Structures are given as C-alpha cells and as structure tokens.
Amino acid sequence: MVAAVTLQAFNPFRTGKLVLYQVTYHTGWHGFEFIPFAILGMLGGLYGGLFIKLNMRIASFRRNSSLAVFKSPVLEVILATFVTALINFPIRFMRAQSSELVYTLFAECADITEDNLGLCKSGIANTGVILLLVVSAVLGFFLAAMTFGLQMPAGILLPSMAIGALYGRA
C-alpha cells in the first residue's frame, strides 16, 4: 500500500498510472487464441532454461579463459559494447530504446499514433516485420546472455521483457 501511494504521489512514469506498461485491449479474447498463447508459454519456459544454461556456460568460459580481455573488466565491457552496437544498430527493433520498444510492442495498433517501427502493416508487408521481430528476439537472447555477467550494473528485467514482447508480437 505504501508503494502504491508513493508511486501515485511521485508519478515517476508521467502517465498517472501505477505501472509502467499497462496493457488495455479493445477487443475480447477468442477461443482459438489459447493454443498460440499456450505455445508462447512453453517457448517462454524453454527460453528461461536455455538462457540460464547459456549464461552459465558463458560465465564458465569467462572464468576459465586465458584471454586478456576477460581479465580486465573495462576491456570486456568495451568489447561487449562494441559488439552490441555493431549488431543492434542495423536492426530498427534492436536500435529502439527498450522501454519505448516494450511499450510499443504491448500496444494494439489502434492505440499506436505513430508506427515508427512498422508493426501495424498489413498483408505481405507484414512478413518482413515478423521475420525481423524473430531475428531481433533471437539476437537479443544471445546478447542478453552475453552481457548479463559483465562487471557493470545492467538490467535483465527490461531486456527479458523486450525479448518476450518481440516473440509475442511476432
């Protein structure tokens, strides 16, 4: 209750709401949608398990490697930043700021005023967007696993939400 009152008083998201990503839909659920949602849930479980396994292997490689870049946290962060920038910049979904990307991916097309990411295209034009969403999610998965164990404070919640939202939107 104290947290809710504090959030309402400070309004940190400048939306007047208590949550950062409030999702409202104008249409109801259809029965046939439960099958894809169940599949998404299973993929999310597999994603979590694979993420943990991959992150543990990367951490073990960092610990046991004799490469100089892994012995210097500053060099490792610079290398990870360079690789992340090279991979992310050409792809519009990866280039977007995470909070704005998640907000846009959670929104219905009726609520999007400016479709800068091209999410609300219809017909054959949507095929390229779907492919780009999946590619962005896969690349985001590997980049998050690689950067999660770095010697700098970063987050895992927002990147995980973005990866899940990319898969879900696709």
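Predicted model: local features only at pLDDT ≥ 70, side-chain atom pairs only at ≥ 80, totals over all residues.
Figure 1. Ser65 sits in the loop that joins H2 to H3. Its relative accessibility is 8%, so Ser65 counts as buried.

**Figure 2. The salt bridge between Glu76 and Arg62.** The structure contains one salt bridge. Its partners are the side chains of Glu76 and Arg62, with an N to O distance of 2.5 Å. The pair ties together distant parts of the chain. Glu76 belongs to helix H3, and Arg62 to helix H2, which covers residues 34-64. The two residues are 14 residues apart. Both Glu76 and Arg62 are buried.

**Figure 3. The two sides of helix H3.** H3 is built from 16 residues. From its first C-alpha to its last, H3 reaches 22 Å, close to the 22 Å expected at 1.5 Å a residue. Which residues of H3 are buried? They are Glu76, Val77, Ala80, Thr84 and Asn88. These residues lie on the same side of H3, because they cover an arc of only 95° around the axis. The other side of H3 holds the exposed residues Val74, Ile78, Phe82 and Leu86. Glu76, on the buried side, is also a salt-bridge partner of Arg62.

**Figure 4. Ile78 on the exposed side of H3.** Ile78 is part of helix H3, residues 73-88. Is Ile78 buried or exposed? Its relative accessibility is 51%, so Ile78 counts as exposed. The cut-off for exposed is over 50%. Val74, Phe82 and Leu86 are exposed on this side of H3 too. Ile78 and Asn64 are separated by 14 residues in sequence. In space, their C-alpha atoms are 20 Å apart.

Figure 5. The unreviewed UniProt entry places the feature "transmembrane region" at residues 34-52, 73-91 and 129-150. In the model, residues 73-91 are 84% helix and 0% strand. The end C-alpha atoms of residues 73-91 are 28 Å apart. Residues 129-150 are 86% helix and 0% strand. Here the end C-alpha atoms are 31 Å apart.

Figure 6. H5 covers residues 98-106. Leu101, Val102, Thr104 and Leu105 are the buried residues of H5. They fall on the same side of H5, because their arc around the axis is only 165°. The face turned away from this buried side carries Glu100 and Tyr103, which are exposed.

**Figure 7. The largest nonpolar core.** This core has 19 residues. Which of its residues touch the most other members? They are Phe51, Phe93, Leu101, Leu105, Leu119, Leu133 and Leu166. At least two core residues come from each of H2, H5, H6 and H7. H6 spans 125-147. H6 gives the most to the core, with six residues.

**Figure 8. Contacts of Leu105.** Leu105 is one of the buried residues of H5. With neighbours within four places in sequence set aside, Leu105 is in contact with Leu119, Leu133, Ala162, Ala165, Leu166 and Arg169.

**Figure 9. Tyr167 in helix H7.** Tyr167 lies in H7, residues 157-169. With a relative accessibility of 31%, Tyr167 counts as partly exposed. Tyr167 is in contact with Leu40, Ala137 and Val138, again leaving aside neighbours within four places in sequence. Leu105 is 62 residues away from Tyr167 in sequence. The C-alpha atoms of Tyr167 and Leu105 are 9.8 Å apart.

**Figure 10. The setting of the close-ups: the whole chain.** The protein has seven helices and zero strands. From the N terminus, the order of elements is α-α-α-α-α-α-α. The C-alpha trace spans about 55 × 45 × 30 Å along its principal axes. Of the 170 residues, 24% count as buried. Among contacts with a separation of 6 or more, 70% join residues 24 or more positions apart.

How values were computed:
Residues numbered from 1 in each chain as written. Heavy atoms only, no water. Helix = DSSP H or I, 4+ residues; strand = E, 2+ residues; numbered from the N terminus. Buried < 20%, exposed > 50% of the residue type's maximum accessible area, 1.4 Å probe, protein only. UniProt positions renumbered as here; feature names shortened; annotations may be inferred. Contact = heavy atoms within 4.5 Å. Expected span 1.5 Å × (residues − 1). Arc of directions from axis to C-beta. Salt bridge = Lys/Arg side-chain N within 4 Å of Asp/Glu carboxyl O. Core = buried A, V, L, I, M, F, W, Y, C linked by side-chain atoms within 4.5 Å.
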